[in-house]
Amino acid sequence: MNNPPKSVSKRKSVLGRGLSTLIPTISEDGEQGDGAGAGEVQLVDINAIDPNPHQPRVDFDDEEIAGLAASIQNQGLLQPVVLRKKGDRYEIISGERRFRAHRHLMMDSIPCIVKTKVSDREMLELALVENIQREELNELEKAAAYQKLIAEFSYTHEELAAQVGKSRAVITNTLRLLNLPDEVQQMVRKSEISTGHARAILTLPTAEKQLEAAHQVLSDKLTVREIEQITQAEKPKKPPKKPVEQLQDPNIAHQLERMQYRFGTSVKLKITGNNKGRVEIEYFSEDDLVRIFDLLLDETVLDDVSLS
């Protein structure tokens, strides 16, 4: 088995170690553990703390923060906020909800652990993984965080999938939500329409049609299935297929049969001229297309279905 590129291995080690390297463990008797990265808990002026500039979570529920504030007021803070020093101020690495709850209570200070050597990439990675593990990000927040990792830190879809424990198809489909018009994205953020509605709307060819469909979902209270049926009807009709020359060579027919078995779908050879033509592989959804791409780009599969 080939060793992964060094850059991938390095990233995996960062996320693999998780927040445990930055957040010390607290035992039941209140004693701090000696885990890697353990630091002293100290009170920090709440007015000297800034939110994580790489925080993928955009939407914080006010009622949820108020509930957390009431819990902290009654029971105290069970886990300190983790900060990094930034000049004469601090930035949150982990614990923005706890920070907001303290501000809600109008407290002057908050128990924190301060780190000095945390890069921007680690800030984004740790915030992303923490929120995903706790299922606190909506799909658009995930998409924006994925896009930032790709744009700023040169992640591929495959690397992202490995880091956050999702399939490559999930990563690709989530990123596609950023292609929606801003107004439709806001509808998803506010839970006015679901992610399922948004994925169906994405199949429409123009932003105008997508926006129109989103408003129709709201006005008519359409289900995902209903908007899927509408978007299917909006798609342009395919022209009738032209008759093609029948395949005569039994060896090529056998290889096509093997490819159909391998890809789990119809594979056809269309002959267009003298020793010319094209191979067509049928797919039935975007996830199915991503699956076929993955098989096509797998060298072992290519070797297995080669005509040699």
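# Notebook: sheet, helices and positive phi

I began with K85, which lies over the face of Y90 at 4.9 Å from the ring centre. I count a charge as over a ring if NZ of Lys or CZ of Arg is within 6 Å of the ring centre and within 35 degrees of the ring normal. I then looked for aromatic pairs and found zero in the structure. For such a pair, the ring centres of Phe, Tyr or Trp (its six-membered ring) must lie within 6.5 Å; planes under 30 degrees apart count as stacked, over 60 as edge-to-face and the rest as tilted.

**Basis.** The model is predicted, so I note that local features need pLDDT of at least 70 and side-chain atom pairs count only at pLDDT 80 or more, while totals for chains, interfaces and linings use all residues. Residues are numbered from 1 along each chain as its sequence is written, and side-chain values use heavy atoms, with hydrogens and water left out.

**Whole chain.** I list 14 helices and seven strands for the protein chain. Helices (H or I, at least four residues) and strands (E, at least two) are DSSP runs, numbered from the N terminus. Of the 308 residues in the protein chain, 37% are buried. Buried means under 20% relative accessible area, exposed over 50%, and partly exposed in between (1.4 Å probe, protein chains only). I also looked up contacts between residues at least 6 apart in sequence: 66% of them join residues at least 24 apart. Contact here means heavy atoms within 4.5 Å.

**Sheet.** I read the strand order of the five-stranded open sheet as β1-β5-β3-β4-β2, with mixed pairing. β1 (41-45) and β2 (49-50) are at the edges with a single partner strand each, so one side of each has no neighbour in the sheet. Two strands pair if DSSP finds at least two bridges between them. β3 (residues 81-86) and β5 (residues 109-115) run parallel and are joined by four bridges. Within that pairing, L83 is opposite V114 of β5, and V82 has I113 of β5 as its bridge partner. On the other pairing I checked, β1 and β5 run antiparallel with five bridges; there Q42 stands opposite C112 in β5.

**I49.** I followed this residue of strand β2. Leaving aside neighbours within four places in sequence, I49 contacts V44, L83, R89, Y90, I92, F99, I110 and C112.

**Helix α3.** I listed the buried residues of α3 as E96, R98, F99, A101 and H102. Just after α3 comes M106, in the loop between α3 and β5. M106 is not a glycine, yet its phi is positive, near 60°. Most residues other than glycine have a negative phi. Is M106 buried or exposed? At 70% relative accessibility, M106 counts as exposed.

**K221.** I found another positive phi at K221, about 55°, again in a residue that is not a glycine. K221 is placed in the loop between α10 (207-220) and α11 (224-234). Its relative accessibility is 69%, so K221 counts as exposed.

**Helix α5.** I checked the length of α5 (residues 139-153). At 1.5 Å a residue its 15 residues should span 21 Å, and the end C-alpha atoms are 21 Å apart, which agrees. The expected span is 1.5 Å times one less than the number of residues. The buried residues in α5 are E139, L140, E141, K142, A143, A145, Y146, L149 and F153. Just after α5, S154 takes a positive phi of about 60°.

**Hairpin.** Last, I looked at β6 (residues 267-273) and β7 (residues 276-281), which pair in the antiparallel sense over six bridges. L269 is opposite V279 of β7. Two residues lie between the strands of this hairpin, and N275 takes a positive phi near 60° there.
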